[in-house]
Each structure stands twice: as C-alpha cells, then as structure tokens.
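Here is a quick tour of a protein model, written to be read with the viewer open. Take a look at the sequence and the fold before reading on.

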Amino acid sequence: MYKYLSVVTLLLSYSQLFAQLNNKDQNNDLSHAISVGWSNPITSISTLFNTKLEEKFGVLIDYQLRISESNFYRAHSKFSPSYENPMLSLNNFLISISKGKWLIDEGKIKIGHGIGPYFRCNIYRGQSVAGTQAFWSSDYFGAGIEYFMFLEYLIKKDVFLNIIANFNIGFHQYYESTIINNNGGTASFSQEYWGIKLANQQLISVAIKKYL
C-alpha cells in the first residue's frame with residue numbers, strides 16, 4: 001500500500017512543479033478547453049465482436065489550460081469500462097498531468113506536443129448484495145513518463161476534431177504464471193514482478209475539443 005501512496009504523492013508533486021514553471025509566460029488571458037472522445041478506436045473496432053475480450057470501448061476525458069501564446073498545461077484520463085454482473089471494471093485506467101507547447105497554430109490546424117508523468121491501474125467495483133457492501137479493488141499499477149502529440153482540425157468556431165497520439169514508458173506491476181508438476185498432478189500460481197514496460201494500450205485517441 002505504501003508504494004502506491006508514494007506513486008500518488010509523486011504525481012501530486014509533479015503537478016505542483018508544473019504550476020510553478022514558466023510564470024513569466026503566464027498572462028491574464030487564459031484559455032480553457034475540454035475534449036471528450038474515443039480512446040484506442042483501432043483496437044476497439046477490431047475486437048468489437050470478440051466476446052472473449054473485455055476491452056470494448058475506450059473513453060478519453062481531457063482538460064487543457066493555455067497559459068501563453070505557445071505553452072499550456074494538460075490533464076487527461078483514459079479508461080476502458082466494462083460490466084459483467086456484479087463487477088464493474090475500468091481497465092487500463094490512466095491519468096496524466098503534462099506541460100505542452102504549440103508547434104503550429106495557424107488557421108484551421110493546430111499541432112502541439114508535451115510531456116509529463118502518468119499513473120495507471122485497473123479498477124474494479126463489486127456491486128453490493130444482500131448483507132454486504134460494495135467493494136473496490138485494483139491491480140496492475142504503474143507510473144512513468146508520457147509523451148504526446150496532437151492535431152486539431154477546426155469544425156466550427158471553437159470546436160475542433162482532436163487526434164492524440166501517446167507514448168508511455170514506466171515502472172509497472174505485472175504477473176507471471178508458473179506451473180508445477182507434483183505427484184502426477186499440476187498446480188499453477190502467479191508471481192508478482194515490477195519492471196520497465198511500455199503502456200500503450202491506448203495509443204491513439206479521437207475526440208471533440210471545445211474551447212471555453
């Protein structure tokens with residue numbers, strides 16, 4: 001439990017650090033934007049009719065704060081919800097806080113990129129039944145650095161089609177199964193490990209972005 005709390009504390013520290021960076025670029029003309037869309041559409045479409053896979057649809061929620069002509073802060077979350085009675089699952093839940101910069105901001109097209117820390121896990125919620133309470137659990141924790149690029153295309157005033165690509169690498173929890181032969185029978189167990197891994201289950205996202 002302490003290692004998970006340490007990861008959350010690290011992310012909060014990063015967010016405070018970003019809030020203090022580049023104060024000279026900040027001005028009173030702040031611009032806010034919210035994106036809501038589909039995370040990992042390619043994989044979702046290819047597995048839409050495969051009942052053996054839990055990940056059917058990825059959700060993206062993204063908030064952006066533009067602090068100057070060329071710089072912005074970004075906070076976003078992605079997850080793939082599924083429900084199998086009585087369990088609600090948020091697979092590949094990821095939250096990230098980043099600092100970015102505009103590369104192109106002309107006419108109908110905007111292109112930018114940025115980098116920042118992320119935290120990810122799978123979240124489960126079991127529904128309450130007679131005599132018991134609902135319970136929460138989680139596994140496959142990880143934390144690391146996310147690099148992203150995005151392209152926005154103007155649809156109408158202050159509304160854009162937003163295409164985002166992410167590359168994540170970090171320190172992740174994973175499990176390996178071992179099979180043991182014993183007295184003519186077999187038994188298996190899973191061993192927990194931590195190691196450096198990529199976290200690109202949601203590499204591409206497509207969203208509608210609205211500037212406020």
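This is a predicted model: local features need pLDDT of at least 70, side-chain atom pairs count only at pLDDT 80 or more; totals for chains, interfaces and linings use all residues.

Residues are numbered from 1 along each chain as its sequence is written, and side-chain values use heavy atoms, with hydrogens and water left out.

On pLDDT (the predictor's confidence in each residue, from 0 to 100), the protein averages 80, and 72% of the residues score at least 70. Residues 1-28 are the stretch to treat with care: pLDDT is below 50 there, though the model still gives this stretch 34 contacts beyond near neighbours in sequence. A contact here means heavy atoms within 4.5 Å.

## Overall fold

The protein has 2 helices and 9 strands, running α-β-α-β-β-β-β-β-β-β-β along the sequence. Both kinds of element are DSSP runs numbered from the N terminus: helices are H or I with at least four residues, strands are E with at least two.

Take the contacts between residues at least 6 apart in sequence: 61% of them join residues at least 24 apart. Of the 212 residues, 39% count as buried; buried means under 20% relative accessible area, exposed over 50%, and partly exposed in between, using a 1.4 Å probe and protein chains only. The accessible surface comes to about 12,700 Å², with 62% of that belonging to carbon and sulfur atoms. Those areas come from the Shrake-Rupley method with a 1.4 Å probe; for residues, only the protein chains shown count as cover.

## Nonpolar cores

The largest nonpolar core is made up of 10 residues: Ala33, Leu60, Phe72, Trp102, Phe148, Phe150, Phe160, Ile164, Ala207 and Tyr211. Strand E6 (135-156), strand E7 (159-182) and strand E9 (204-211) are the elements that each give two or more residues to this core. A nonpolar core is a set of buried Ala, Val, Leu, Ile, Met, Phe, Trp, Tyr and Cys residues joined through side-chain atoms within 4.5 Å.

What does Ile164 touch, leaving aside its neighbours within four places in sequence? Its contacts are Leu60, Asp62, Arg74, Met149, Phe150, Leu203, Ile204 and Ser205.

## Salt bridges

Side chains of opposite charge can pair when their charged atoms come close. The whole structure has 5 salt bridges, each being a side-chain nitrogen of Lys or Arg within 4 Å of a carboxyl oxygen of Asp or Glu. One of them joins Arg74 and Glu146 at 3.8 Å, N to O. That pair links distant parts of the chain, with Arg74 in strand E3 (residues 71-84) and Glu146 in strand E6, 72 residues apart. Arg74 counts as buried at 4% relative accessibility, and Glu146 is buried at 0%.

Lys209 and Glu152 also pair up, at 2.4 Å, N to O. Here strand E9 supplies Lys209 and strand E6 supplies Glu152, 57 residues apart. Lys209 is buried with a relative accessible area of 1%, and Glu152 is buried too, at 0%. Salt bridges that share partners join Asp62, Arg74 and Glu146 into one network. Then there is Asp105 with Lys110, at 2.7 Å, N to O: Asp105 is partly exposed at 32%, whereas Lys110 counts as buried at 11%.
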